[in-house]
Amino acid sequence: MNIAAFASGRGSNLKAILDKIKSGDLLNAEISVIISNNSEAGVFKLGEENDIDSIHISSKAHPDPAHYEKAMIDILEKYNIELILLAGYMKLLPSSIIKNFKGDILNIHPALLPRFGGKGMYGMNVHKAVIASGEKESGVTIHYVNERYDEGLVIKQAMVPVKDGDTPEILALRVLKTEHELYWKVVDFIINKETPQQSIRDITAS
Ligand code: GRF
């Protein structure tokens, strides 16, 4: 299955997925193209190392929203993309893509949605908010993407403990480890295991 990965940063979640493709644990998946809004993003290096076309599309480079959308749609068509994975992508996808794209669009979030999500809840902000709330559990959420930040239907969650004395940085690392373990499994399920009888939409959060 041809996958487009959208990322704005270092791309460690994408790397974890690429590692599972290379090791043969994740079959029938190909990261065909990387799209980033950030020309400085570390994910470009990852793309280069893995020989994956990596394309910068930003509203700065494409100030006209119609051109911006068209640039994205052209890429999705050119690479015959069937699945979109957001992996640390800081922008909303244009609504025309969300409405018209035929495959699934997934996102990973470093907390247990619906708490600690929404605009501004990214990066260390999430972990700071979790610690400030006194919650003893955080985690990872993988969800379908809709037109609002972090609000699409939840597919899978995994719990990560918040420990006494955690700093946001320590919690972020613990959560990230679980992100790396979970995202590829959901992708694997969608590509290789989902059937009309057993849809990932039926799998309850755990
Ligand atoms: C991850 O914490 C992910 O949950 C969030 O953005 C971060 C991206 O990290 N959406 P990386 O670029 O994959 O390392």
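## Pro110 and the ligand's oxygens

Let's start at Pro110: one of its backbone N or O atoms lies 3.5 Å from an oxygen atom of the ligand, in a predicted model. A polar side-chain atom of Arg10 lies 2.5 Å from a ligand oxygen, and an N or O atom in the side chain of Ser12 is 2.5 Å from an oxygen atom of the ligand. The protein covers 86% of the 370 Å² of accessible area that the ligand has on its own (areas come from the Shrake-Rupley method with a 1.4 Å probe).

## Who's around the ligand?

The residues around the ligand (those with a heavy atom within 4 Å) are Arg10, Gly11, Ser12, Asn13, Gly88, Ile108, His109, Pro110 and Glu179. Sorted by class, that shell has 2 nonpolar, 5 polar and 2 charged residues, with Gly counted among the polar ones. Helix H1 (12-23) and strand E5 (104-109) each supply at least two of the shell residues; helices (at least four residues) and strands (at least two) are DSSP runs.

## A look at Leu182

Leu182 belongs to helix H6, residues 168-193. Is Leu182 buried or exposed? Leu182 is buried, because its relative accessible area is 11%, and buried means under 20%, with exposed being over 50%. The C-alpha atoms of Leu182 and Asn13 are 9.6 Å apart, although 169 residues separate them along the chain.

## How to read this

Residues are numbered from 1 along each chain as its sequence is written. Local features need pLDDT of at least 70, side-chain atom pairs count only at pLDDT 80 or more, and totals for chains, interfaces and linings use all residues, while side-chain values use heavy atoms, leaving out hydrogens and water.

Note on methods: Polar contact = N/O pair within 3.5 Å; in protein donor to acceptor, adjacent residues only side chain to side chain. Buried < 20%, exposed > 50% of the residue type's maximum accessible area, 1.4 Å probe, protein only.
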